[in-house]
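Here's a protein to walk through together. Take a look at it first, and then we'll visit a couple of spots.

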Amino acid sequence: MDKAVSNKAFPQFSENTKESHQDNAYANSLDMMRVSPCVQNRPSGITKAEIYDNGVVFTFGVSARKSVLSYTHETSLDLYKPAEATVGRLYLHIELWTDSIFRVVFSSEKEIKNPYSRLPKDARMLTAEPEKVDFTFENNTVRTKEIEIHIDSETGKITANRLDGKEYFSELKTAFKAADIYDLSLSSSGKEAACFEAVSLENDEVIYGLGERFDSLTRNGRTVDFHNKDAVGTTSRRSYINIPFYVSTKGYGLFLNSSAETDWQIATTDLNAVQFGVLEGQLDYFVIAGETPKDIIKGYCHLTGFSKLPPLWSFGLWMSRNSYTSWKVVDKIAEEVRENDIPCDVLHLDTAWFTEDWNCDLKFSEERFPNPKEHIKALNDKGFKVSLWQYNFIPPRENNSNYYEAVENGYLAKDSQGEPYQLPESKKGSWTDDVIIDFSNPEARKWYSEKIKGLMDIGASAIKTDFGEGIPEDAVYHSIDGKHFHNLYSLVYNSTVFNASSENIVWARSGTAGSQRYPLHWGGDSQCSFAALSGTLRAALSLGLSGIPFFSHDIGGFIGTPDDELYIRWAQLGLFSSHSRCHGVGDNAHREPWYFSQEALEIFRFYDKLRYSLMPYIYSQAKKCTETGLPMMRALYLEYPGDRNTRFIDDEYLFGESLLIAPVLKPLSKSKSRDIYLPKGIWHDYFTKEKIVSDGKWITREIDLKTMPIYVKDGTVLEYCSADTCLADGMGETVKTEKWQ
């Protein structure tokens with residue numbers, strides 16, 4: 001990374017960044033539990049089955065094996081060898097949570113443990129309670145009104161069928177000599193323990209989800225980096241939002257109820273297996289049956305919660321930059337927005353509204369941002385809501401009173417000596433010496449909530465919850481251990497700020513399972529390139545298949561400077577995302593459309609006004625998303641699961657139920673046409689009004705810079721409002737109704 005760009009764009013990076021640094025502590029811990037001398041303890045023979053209110057607990061004997069490095073001529077590999085068991089018995093719980101959702105808990109202890117019990121319910125991934133389900137148990141088979149789950153008496157293998165006999169879920173058990181599959185087992189080493197599981201993957205089966213994935217929509221054959229981290233771009237395997245939930249084309253979803261270190265191997269070490277491991281002594285997951293992926297996502301949201309509906313004004317355009325440095329700059333942007341006839345509802349103040357840039361004391365600079373309450377009121381009167389940046393760290397500076405309050409009251413993550421945690425010198429190349437707010441501490445949450453409420457009282461309408469993904473596991477936290485808190489931290493952080501805000505919204509970068517309850521999320525720090533634009537769309541579609549309904553991203557890209565063409569292509573996608581924000585790094589790296597060419601300004605204005613005019617459709621679709629768990633930006637597979645052609649399409653999407661969007665993801669110098677897949681049905685080209693009858697086919701659409709192809713599903717009735725309406729005052733009256741047939 002160029003040093004000038006690094007220091008300007010990322011002040012959290014210090015001057016002594018290592019040229020090459022790789023920390024394998026996270027990557028290798030689960031792998032080490034797979035190999036000798038660790039022993040995999042596996043279920044062997046049911047010795048007891050006990051029925052209780054919502055399920056059955058099975059007691060098993062134990063068979064054991066370990067993988068030992070071996071050679072066959074020039075090939076080195078791990079082979080399984082018999083071993084002596086390290087536990088006396090194993091327990092398998094099958095709990096029924098609905099007629100179509102069951103829970104599997106596996107451990108060497110009979111009691112189910114809850115490592116999140118000291119956190120409030122709204123800070124946990126799992127928020128549902130089991131329903132009262134009528135079931136029968138006979139011949140090791142649990143049966144409800146919709147499914148039956150069979151447990152093999154010898155191996156403990158779990159299979160699940162619908163009542164018509166169709167299998168939708170099956171554990172994978174292996175006796176194969178090569179250690180390519182780690183099926184249901186428990187491994188331990190010293191004080192550490194890990195559990196492993198393998199699920200059968202059919203040859204034509206496709207897996208989706210697992211959160212924000214920039215590399216691919218489908219997960220088959222992909223290595224998954226499942227440790228929340230600063231992605232610094234949108235073209236890598238790194239992710240801000242890892243969600244332990246996937247959807248299978250076989251008709252089920254799987255939610256792993258753990259925030260401990262996890263890895264996933266999907267058709268990687270073995271093409272016939274979905275494998276996952278978790279670094280704790282209890283495996284806890286849910287299997288969700290669904291005839292369609294929509295049913296599966298709704299079942300997942302039943303377990304982890306549905307999204308609240310963000311306020312109407314939030315669906316308008318957000319104008320931002322990192323960072324507007326004074327009210328003088330903000331006022332200039334507000335004037336230019338209106339002068340250039342750009343519908344806009346939100347102005348965002350990023351890192352510079354404090355006394356010092358990045359010194360997050362939650363106080364407006366008296367010199368550059370004086371009289372904030374009056375000034376925000378004046379902006380509100382002009383039709384602008386104001387959003388404010390903050391993050392979950394506190395710089396330990398003499399002029400930051402929050403630091404002293406947090407230290408005095410014990411609101412910070414601590415080291416082993418009870419002092420505020422700071423990263424060791426070996427990692428100071430990645431972060432400054434900021435301290436970390438411990439949001440597992442109820443008093444810290446209360447303290448910080450009051451700070452946020454104070455900003456709301458001044459007039460702020462939204463808070464950007466930046467960061468949250470870089471939390472050390474070796475710190476000491478109030479209510480949870482570090483290994484469970486790393487990926488979970490963002491959920492607790494976002495819930496704290498969300499609940500303190502006066503509107504149903506935060507602007508969040510990081511997340512995990514359950515984060516959909518606290519909308520909305522954006523795609524982080526993308527670089528300015530067409531590859532990053534494509535990665536951003538894949539992330540949106542993957543998040544949508546992971547239960548996150550609302551998503552945005554930085555129009556134009558964050559890192560670097562886009563040319564006119566990239567800026568417009570990003571704006572076209574951004575203005576047909578659930579939420580739309582222009583944002584980039586540096587006070588001179590403008591993302592406001594009037595800083596680009598006249599042509600770019602006119603095209604931006606056209607799509608911005610089109611978005612505003614379609615607000616009755618957008619807002620009604622958003623309401624449905626909160627009821628169903630479905631995303632605004634939908635992979636074609638989600639709407640057309642019976643069409644196998646849709647399974648791998650990641651460059652177009654449904655915006656709500658009725659609009660098919662085909663964003664242009666490469667420059668015109670490479671192609672002046674766009675190949676588009678139209679699922680079976682009748683479609684109408686939004687711009688040319690051409691009617692196309694498709695039996696599921698590809699078409700080629702000629703394009704220019706202004707054109708982003710949009711197709712309307714036959715029978716759709718679109719209502720339009722005035723494109724000049726300020727959403728803070730409501731949508732106003734319908735000015736036009738258009739039926740597409």
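**A buried asparagine and a sheet**

Let's start with Asn 400, whose side chain reaches the backbone nitrogen of Asn 402 at 3.1 Å. That's a polar contact, meaning a pair of N or O atoms within 3.5 Å; within protein, one must be able to donate a hydrogen and the other to accept it, and residues adjacent in sequence count only if both atoms are side-chain atoms. The side chain of Asn 400 also reaches the backbone oxygen of Cys 360, at 3.4 Å.

Before going on: this is a predicted model, where local features need pLDDT of at least 70 and side-chain atom pairs count only at pLDDT 80 or more, while totals for chains, interfaces and linings use all residues. Residues are numbered from 1 along each chain as its sequence is written, and side-chain values use heavy atoms, leaving out hydrogens and water.

Where does Asn 400 sit? You'll find Asn 400 in the loop between β22 (393-394) and α6 (401-409). Helices (H or I, at least four residues) and strands (E, at least two) are DSSP runs, numbered from the N terminus. Asn 400 is buried, at 0% relative accessible area; buried means under 20%, with a 1.4 Å probe and protein chains only.

Two strands pair if DSSP finds at least two bridges between them. Strands β8 (residues 147-151) and β9 (residues 158-162) are joined by five bridges, and His 150 stands opposite Thr 159 in β9.

Conventions:
Buried means under 20% relative accessible area, exposed over 50%, partly exposed in between (1.4 Å probe, protein chains only).
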